[in-house]
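Morning, everyone. Have a look at the model on the screen, and I will walk you through it.

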Amino acid sequence: MNIRLTGLIRKEFLQIVRDPSSIAIAFLMPLVLLLLFGYGVSLDSEHIPLGLVVEAPGADTSSFTAEFHESRYFKTFAYTNTRNAVQAMMAGKINAVIVLRQDFARQLRQPDGAPVQLILNGVDENTARIISGYVDGSFQNWLEHDAAMRGMQSEIPVRIEQRIWFNSELRSRNFLVPGLIAVIMTLIGALLTALVMAREWERGTMEALLVTPVSMSEVILGKLIPYFLLGMGGLALSVAMALWLFEVPLRGSLWVLFAASALFLITALGMGLLISSVAKSQFVAGQVAIIGTFLPAFILSGFIFDINSMPKIVQVITHVIAARYYVAILQTLFLAGDEWQVILPNAAALVLLATIFLGLTWRNTRKRLE
Amino acid sequence: MQDTLTSALEASRLSKTFLAGGRRITALENVSFRVRRGVVTGLIGPDAAGKSTLMRLAAGLLIPDSGSIRVAGLDATRQSLEVQSSIGYMPQRFGLYEDLSVQENLDLYADLQNVAIEARPSRFGELLGMAGLAPFVHRLAGKLSGGMKQKLGLACALVRQPSLLLLDEPTVGVDPVSRRELWGIVYRLVKEMGTSVLLSTAYLDEAERCDEVILLHDGHLLDQGSPESLREPMKGRVFAVKAADVSRRTLQASLSREPGVIDALIHGDHVRVVMEGQSPPASRPGMEISPLLPRFEDSFVTLLKGPAAPVHAVTAQGRPVSATAGPVIELENLQRRFGDFLAVKNVSFSVSQGEVFGLLGANGAGKSTTFRMLCGLLSPSAGKLRVAGVDLRHAASKARAKIGYMSQKFSLYGNLSALENLRFFGAAYGLSGKQGSNRIAWALEEFSLSEIRDAVSGDLSLGYKQRLALACALMHEPDILFLDEPTSGVDPLARREFWRRINELAVQGVTVMVTTHFMEEAEYCDRLAIMAAGEILTLGTPSEIKASAKSENPTMEDAFVELIQAKESA
């Protein structure tokens with residue numbers, strides 16, 4: 001390595017050590033985000049408050065409601081009439097109401113069957129869909145029990161035997177934490193580099209730097225290498241927390257995880273450098289990095305929100321979000337294993353994006369002030 | 001070819017424009033000149049003259065629109081890497097990494113300049129000794145004083161012996177003592193190493209220290225030559241005028257209206273007059289006229305102004321200020337501490353009505369802290385402070401209604417138009433309805449702002465900005481005017497016009513308080529106090545202060561430097 005590049009790298013490390021804000025972005029932020037999302041956010045639905053209105057209690061209705069009392073998914077509240085239950089739902093005390101009408105027992109054995117009313121609070125459509133699914137499941141269970149009790153075969157010819165793969169306990173943490181690593185790496189890669197480059201412009205040190213015989217590739221490498229190492233440090237911290245604090249299983253191999261992360265980090269650094277070649281104040285660079293890289297990584301990467309359920313046009317947009325490919329690789333590596341048919345195409349997309357970002361940076365950054 | 005080899009830098013028909021806010025701004029237009037080898041060439045001009053653009057073009061940081069610039073025979077645009085290997089460049093803010101130590105900054109620039117490891121210890125020793133930084137090698141650059149930063153920046157630019165040294169406004173915001181030291185270093189370089197130096201500055205007095213000067217104004221080359229040759233045509237045209245019976249301000253006002261007078265400027269106890277020809281201004285009884293040696297500024301002003309034009313009289317304020325008995329500003333043992341640090345130590349002085357009082361000192365001397373306390377923006381830690389008869393510790397807002405404030409940064413709203421700024425400041429001071437619109441009409445008329453009333457103030461030239469800022473500060477007809485470095489960087493004509501208004505205000509009874517580190521501006525004051533390290537070193541009229549200096553025919557700067565050095569050695 002030449003003397004100019006080592007000089008630049010040494011300078012960058014000295015600055016990182018002396019400036020607590022870089023350390024904070026690289027290590028404190030992952031810590032806070034992981035703790036927040038690992039413990040604070042859970043997409044699992046358990047103990048959903050459910051209102052039960054039984055207009056004419058009897059043996060059949062008790063066996064029906066018992067199915068819900070016993071379920072770990074529901075916490076039941078009994079109401080004597082529909083009006084009270086609806087009021088409770090309005091007040092936000094319960095999320096759904098099941099109404100068994102007066103003629104439930106009588107209609108039950110009739111050929112048409114007994115009507116059961118389910119009222120759902122659809123404000124949060126995701127939760128509503130989950131509740132509806134759980135109610136269906138409990139209802140099927142009850143039908144089978146009921147038939148078995150009466151010594152009859154279930155009338156349903158097909159039975160679903162559920163097996164949940166990859167995340168058999170259905171812990172949302174298991175898929176949130178790997179996705180979160182992608183968000184953290186975006187922050188370190190793009191936000192940090194954009195900020196430190198803009199700082200050089202703002203403080204006038206870039207001008208002094210450019211007048212030395214240093215080449216632009218040395219300036220760019222002088223930023224890439226230190227922040228790459230810093231980012232890998234942040235990654236190591238996040239992976240360690242994922243494995244030992246949150247007990248997320250790692251079914252793939254660690255070296256693939258680090259290789260894929262290195263690739264993504266280079267892409268993110270490329271984004272950061274590209275931003276700073278345009279935005280020359282820390283304020284603007286920070287804003288652009290947050291809106292252009294962090295938020296898309298958060299929302300459009302499939303980290304929390306499923307890409308397949310997004311509108312078509314948004315799905316198309318997600319293809320330019322580097323975090324999307326990295327999230328796919330991370331979730332596969334942690335929960336499924338070294339599945340090359342997932343990893344390779346996503347890695348290829350990352351290589352392509354990294355080339356584009358770094359290439360644009362190369363083209364945009366000239367040894368000039370304009 | 002021979003000719004090219006002898007010049008360190010050569011610009012031919014150089015033009016450069018910038019796009020700012022959708023408008024094309026001309027920074028340099030058709031500029032041609034040569035910089036000789038082995039001498040100090042000064043690039044002199046006010047802010048926005050095009051000095052930095054020229055420096056950056058020479059360093060290969062900008063591409064000219066047309067024309068070319070060659071450094072030691074190499075094209076600075078096309079062969080920028082070769083040029084950059086042979087020059088040393090210090091940008092305006094010195095280009096230092098503030099979170100790196102003195103040694104680490106030197107190491108970095110030595111790495112970037114490919115200085116051989118073996119050669120470093122002796123080179124660093126030499127540079128640190130020259131800059132007087134040897135005891136501070138492990139101090140962070142951000143913790144150095146302004147003067148020390150400047151010298152470290154210079155050391156970094158010199159880490160590999162350059163053949164051409166480009167210094168972009170190296171003396172801005174630096175105290176006079178450090179300025180002198182920098183000039184000492186520059187001259188040693190030229191003498192011992194034969195380095196060619198191009199140095200830009202807005203201080204006209206620095207031109208006298210250069211071997212050769214290039215005068216820039218509004219992107220145009222005004223003149224080039226040695227300071228003596230530029231002063232030559234002014235010989236016998238500069239006079240000192242004193243009058244026993246009238247004040248300096250009245251004398252200046254009447255002299256500036258006389259035919260044949262190009263420039264009339266208050267300078268200490270006399271008025272300095274530059275004439276169109278060799279004859280002195282018409283003498284009246286009681287007037288004492290003596291010839292003066294021309295200064296560089298005289299030639300610059302003459303070049304800018306062209307033939308003498310009569311100056312229109314100004315009526316700065318609508319009403320004369322009602323007379324007050326006793327001092328308008330009174331400080332007694334004023335103190336201000338920030339934590340353990342005593343920024344202002346036992347400062348006492350008083351200013352009477354209609355007086356122009358200056359506070360002179362380097363950055364960090366305590367001027368701004370004193371000033372903020374006077375404006376009621378900062379409360380004193382101890383001592384008494386009365387402004388306009390009001391104790392600021394108890395009724396700051398009452399006093400503030402009588403105060404106008406204008407700072408060097410021209411605290412205008414850059415994205416509002418001139419008129420909108422006037423309206424806003426009028427409203428902020430509680431002017432409404434007829435009174436408000438009267439004052440706006442007055443400001444537009446008085447400061448000749450009508451033609452630019454709808455222009456976005458951020459795009460205005462420095463001179464207009466300064467006028468607008470002063471108009472805003474005068475909207476509520478204050479009794480006291482505070483000026484914080486009001487004319488730093490503006491061209492000498494704008495500075496003269498500004499001070500003509502200030503003088504007019506003073507004549508009408510407005511009390512004016514100025515802070516400055518600009519020695520020339522100190523000469524315009526009735527009395528001034530020189531501050532250093534939070535204390536007042538001396539207080540008196542400009543002539544009294546100059547008379548206290550030991551050197552012969554001392555300038556204000558000589559007196560200042562002597563005082564600071566005496567204080568440091570004590």
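Where in chain B is confidence lowest, and where is it highest? Lowest is helix α1(B), residues 2-6, at a mean of 51. Highest is helix α4(B), residues 102-112, at 95. The score here is pLDDT, the predictor's confidence in each residue, from 0 to 100. Over chain B the mean pLDDT is 87, and 95% of the residues reach 70 or more. For the complex, the predictor gives an ipTM of 0.78 and a pTM of 0.81.

Some ground rules. This is a predicted model, where local features need pLDDT of at least 70, side-chain atom pairs count only at pLDDT 80 or more, and totals for chains, interfaces and linings use all residues. Residues are numbered from 1 along each chain as its sequence is written, while chains are lettered from A and ligands numbered from 1 in the order in which they are written. Helices (H or I, at least four residues) and strands (E, at least two) are DSSP runs, numbered from the N terminus.

Now the chain interface. Contact means that two residues have C-beta atoms, placed from the backbone, within 7 Å. On that basis, 23 residues of chain A touch 25 residues of chain B. On the chain A side, α1(A), 3-18, and α8(A), 205-210, are the elements that give two or more residues. The largest share, eight residues, comes from α1(A). What is the class make-up of that side? Eight residues are nonpolar, six polar and nine charged. For the classes, Ala, Val, Leu, Ile, Met, Phe, Trp, Tyr, Cys and Pro count as nonpolar, Asp, Glu, Lys and Arg as charged, and the others, Gly among them, as polar.

Next, domains in chain B. Their bounds come from an automatic or database domain assignment. Domain 1 of chain B is 2-230, and domain 2 of chain B is 232-305. Their centres, taken over C-alpha atoms, are separated by 36 Å. The contact takes 11 residues from domain 1 of chain B and seven residues from domain 2 of chain B. On the domain 1 side, β9(B) at 212-217, β10(B) at 220-225 and α8(B) at 227-231 each supply at least two residues. The largest share, four residues, is from α8(B). That side divides into six nonpolar, two polar and three charged residues.

On to the sheets. Two strands pair if DSSP finds at least two bridges between them. One open sheet of four strands has the order β2-β1-β4-β5 in chain B, paired antiparallel. Its edge strands are β2(B), 23-36, and β5(B), 74-75, each pairing on one side only. Strand β1(B), residues 7-20, is joined to β2(B) by 10 bridges. Within that pairing, E10(B) has R34(B) as its bridge partner in β2(B). Helix α2(B), residues 51-58, lies across β1, β2 and β4 (66-71) of chain B, at about 120° to β1(B). For angles, axes are lines fitted to C-alpha atoms, for helices over the stretch in contact, and values run from 0 to 180 degrees between N-to-C directions.

A further open sheet of four strands in chain B has the order β12-β13-β11-β14, again with antiparallel pairing. The edges are β12(B), 261-267, and β14(B), 287-291. Neighbouring strands are turned by 25° against each other on average, direction ignored. Strands β11(B), 238-243, and β13(B), 270-275, pair over four bridges. There, V238(B) has V274(B) as its bridge partner in β13(B). Which helices lie across β11, β12 and β13 of chain B? One is α9(B), residues 248-256, at about 170° to β12(B). Another is α10(B), residues 296-305, at about 140° to β12(B).

For a parallel case, take β6(B), 87-90, and β7(B), 164-167, with four bridges. G88(B) has L165(B) as its bridge partner in β7(B). Both faces of β6(B) are covered: I87(B) and Y89(B) on one side, G88(B) and M90(B) on the other, all buried. Buried means 20 or more other C-beta atoms within 10 Å of the residue's own, exposed means 12 or fewer, and partly exposed is in between, with C-beta atoms placed from the backbone.

Last stop, S417(B). This residue is in the loop between β20(B), 403-407, and α13(B), 418-428. Why does S417(B) count as partly exposed? Because it has 18 C-beta neighbours inside 10 Å. Leaving aside neighbours within four places in sequence, S417(B) is in contact with R453(B), D454(B), A455(B), V456(B) and S457(B).
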